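Please look through the sequence and the model shown here, and then follow the explanation below from one part of the fold to the next.

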Amino acid sequence: MSAVTVKKLSDKKVKEQMNQGRFFVKIALLGEGGVGKSTLLKAFTDQTLNNEYEMTLGIDFAIKKVNVDSQKIVLSLWDFGGQKQFWSIAETFLTGTMGIAYVYDVANPLSLFELNKWIEKAREFFSLKGQKSPYELLVGTKIDFENKIDEETLREFMDQFSLKEHILCSSVLEHNVEEPFMRLLDLIVNGRKDVC
Ligand SMILES: Nc1nc2c(ncn2[C@@H]2O[C@H](COP(=O)(O)OP(=O)(O)O)[C@@H](O)[C@H]2O)c(=O)[nH]1
Ligand SMILES: [Mg+2]
């Protein structure tokens, strides 16, 4: 298992977070079926995912323990099935989510445009429940394939949904498979400092 570290975490901040009981961190991956969410989870956690969940509930679930300044954080990672009929189940599992990766496949532009439903639904869920909005990240997978989404289209999409960050990765090449989770974890623990 690879080590994940998050820099710039003061002892004071660690204590604050621990007092708030926030060291069990829940992160969700949302996006259409087939974009590579479960594969990314697997690449990040080095775990064999439990396919039973995938078949029965449309959910892949993984746990990874990471150390932040020698404090242990348990990350629970959730891949909600991409199929629309699973949304009612997925909603239940969004409770307590602190970070969301909206995932699309760079070789499939439709998978980017279809993300609007996931973004809108998730935001609606947190606003209706009066829960703190999770940190959000846009993740493009499968960059071992040709990227069919041009810069302008991507920029427009991100502007439309006020998404501030984007990470490209490939589970096959094992490129940037930790970054989406590390970045979300960093935001969850340290807050957003670098964006005006
Ligand atoms: N070429 C390539 N294929 C990938 C990559 N990630 C996932 N896949 C393939 O895409 C398909 C769907 O992946 P899966 O993780 O099940 O998607 P999910 O439905 O979003 O969870 C599988 O056949 C994977 O092997 C990647 O980075 N590159
Ligand atoms: Mg999956």
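Does Lys142 count as buried or exposed, and how many C-beta neighbours lie inside 10 Å? In this predicted model, Lys142 has 23 C-beta neighbours inside 10 Å and therefore counts as buried, the threshold for that class being 20 or more. Lys142 is found in the loop between β5 and α7 (151-160), and its phi is near 60°, a positive value in a residue other than glycine.

Glu174, in the loop between β6 (166-168) and α8 (179-190), also has a positive phi, near 55°, and is likewise not a glycine. Glu174, however, counts as exposed, because 11 C-beta neighbours lie inside 10 Å.

Turning to the strands, β4 (residues 99-105) is largely enclosed by the rest of the structure, since 7 of its 7 residues are buried. In a regular strand the side chains alternate between the two faces of the sheet. Both faces of β4 are covered, with Gly99, Ala101, Val103 and Asp105 buried on one side and Ile100, Tyr102 and Tyr104 buried on the other. Strand β1 (residues 24-30) pairs with β4 in the parallel sense over 4 bridges, and Leu29 has Ala101 of β4 as its bridge partner. Strand β5 (residues 135-141) also runs parallel to β4, joined to it by 7 bridges, and here Tyr104 has Gly140 of β5 as its bridge partner.

Finally, ligand 1 is surrounded by 16 residues, of which Gly36, Lys37, Ser38, Thr39 and Val172 are the closest. The shell around ligand 1 comprises 3 nonpolar, 9 polar and 4 charged residues, and helix α2 (residues 37-45) gives the most to it, with 3 residues.

Conventions
Residues are numbered from 1 along each chain as its sequence is written. Chains are lettered from A and ligands numbered from 1 in the order in which they are written. This is a predicted model: local features need pLDDT of at least 70, side-chain atom pairs count only at pLDDT 80 or more; totals for chains, interfaces and linings use all residues. A residue is buried if 20 or more other C-beta atoms lie within 10 Å of its own, exposed if 12 or fewer, and partly exposed in between; C-beta atoms are placed from the backbone. Helices (H or I, at least four residues) and strands (E, at least two) are DSSP runs, numbered from the N terminus. Two strands pair if DSSP finds at least two bridges between them. A residue is near a molecule or strand if its C-beta atom, placed from the backbone, lies within 6 Å of it. Ala, Val, Leu, Ile, Met, Phe, Trp, Tyr, Cys and Pro count as nonpolar, Asp, Glu, Lys and Arg as charged, and the others, Gly among them, as polar.
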